[in-house]
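Please read them with the structure open beside you.

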Amino acid sequence: MSDRQAVDKLITAPFTGTPVMETVSSLHGLRTIIERWKRSGYSIALVPTMGNLHDGHISLLNHARDCADRTVMSIFVNPIQFGKGEDYERYPSTLADDKNKLEKYGLDLLFTPNLDQLYPGGTDIDTRINVPGLSDILCGEARPNHFSGVATVVAKLLSNVQPDFAFFGEKDYQQVLVIKRMARDLCLPFEIIGLPIVREPDGLAMSSRNAYLSPDERRRAPEIYKTLKAAAESLRQGNKSMDEIETEALGRLQEAGLRPEYVSIRRTEDLQRPAPEDTRLSILAAAWLGSARLIDNLKVRVKPT
């Protein structure tokens with residue numbers, strides 16, 4: 001079905017609560033559908049993804065359906081958020097399987113733009129968005145320009161979909177805060193909602209990059225979550241300094257065969273270093289296991305010191 005046919009079908013069909021998913025690839029087709037939905041008074045929710053969907057993505061979609069009359073999911077592997085030597089070229093592409101999954105869960109519209117649609121001027125000299133103070137710490141320190149790439153593509157999606165709500169998973173908690181700050185600072189009238197991490201039965205945070213793990217690596221991968229839980233318990237007990245807890249966590253990951261980039265205790269609201277009176281903290285970690293870069297985080301409440 002062409003974009004034109006998909007547009008015609010979606011804008012003329014009444015909302016019945018059991019929508020049939022359609023796919024468009026052009027910005028013109030997307031905007032036409034969104035405009036008609038807005039005129040009909042429908043609320044809209046957006047779930048941006050890079051595809052290779054798992055149950056974490058489906059959880060976002062389910063929440064989106066609960067909040068809005070119409071749902072849009074994007075699948076686009078965004079090149080400008082990948083650094084040199086990262087996995088852009090081999091990032092898992094499973095569009096046919098993704099479509100089959102989404103048809104079962106009541107998505108209204110799947111947006112699958114190509115590179116020229118979102119970067120008409122090319123990716124070398126295009127306009128970028130930077131979120132100072134959040135983009136250059138933690139994962140931003142390890143992956144320079146990563147969050148600028150994320151903020152830029154999300155801004156493009158938000159400006160074209162014009163959603164009432166946009167949903168993001170908190171496995172990438174730093175990303176959620178970057179996007180919330182971007183929306184606030186640019187006065188964008190969209191509600192950015194972060195949802196809790198969806199985990200495998202053994203605690204590993206669901207991620208498309210888990211597919212990179214060998215069977216042996218997959219058995220060891222849950223250690224990152226176990227390490228965060230142990231660090232959280234140490235924080236609650238209050239018998240060790242934060243530096244000691246971070247050092248112990250790094251050592252535990254190394255002993256398990258992971259190559260940690262960082263384990264860091266931060267203030268949950270803005271990821272800055274905690275002050276003695278702060279009680280809402282997050283422990284964030286990034287570590288390599290084979291060719292997979294795994295990230296995770298855990299929120300913890302503590303007593304002020």
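1. A residue is called buried when its relative accessible area is under 20%, exposed when that area is over 50%, and partly exposed in between. Please keep in mind throughout that this is a predicted model.

2. The side chains of D296 and R199 meet in a salt bridge, with N and O 2.9 Å apart. Because D296 belongs to strand β9 (residues 292-301) and R199 to the loop between β6 and α9 (215-220), the pair ties together parts that are 97 residues apart in sequence.

3. R143 forms another salt bridge, with E86, and here the closest N and O atoms are 2.7 Å apart. R143 lies in the loop between α6 (139-142) and α7 (146-161), and E86 in the loop between β3 and α4 (95-104), so this pair links parts 57 residues apart in sequence. R143 is buried at 10%, while E86 is partly exposed at 29%.

4. As for the sheet, six strands form an open arrangement with parallel pairing, in the order β1-β4-β3-β2-β5-β6. β1 (22-24) and β6 (191-195) stand at the edges with a single partner strand each, so one side of each has no neighbour in the sheet.

5. Within this sheet, β3 (residues 70-75) and β4 (residues 109-111) pair in the parallel sense over three bridges, and V72 has L109 in β4 as its bridge partner. Helix α3 (residues 55-67) lies across β2 (44-49), β3, β5 (165-169) and β6, running at about 155 degrees to β5.

Note on methods. Residues are numbered from 1 along each chain as its sequence is written. This is a predicted model: local features need pLDDT of at least 70, side-chain atom pairs count only at pLDDT 80 or more; totals for chains, interfaces and linings use all residues. Side-chain values use heavy atoms; hydrogens and water are left out. Two strands pair if DSSP finds at least two bridges between them. Helices (H or I, at least four residues) and strands (E, at least two) are DSSP runs, numbered from the N terminus. Contact means heavy atoms within 4.5 Å. Axes are lines fitted to C-alpha atoms, for helices over the stretch in contact, and angles run from 0 to 180 degrees between N-to-C directions. A salt bridge is a side-chain nitrogen of Lys or Arg within 4 Å of a carboxyl oxygen of Asp or Glu. Buried means under 20% relative accessible area, exposed over 50%, partly exposed in between (1.4 Å probe, protein chains only).
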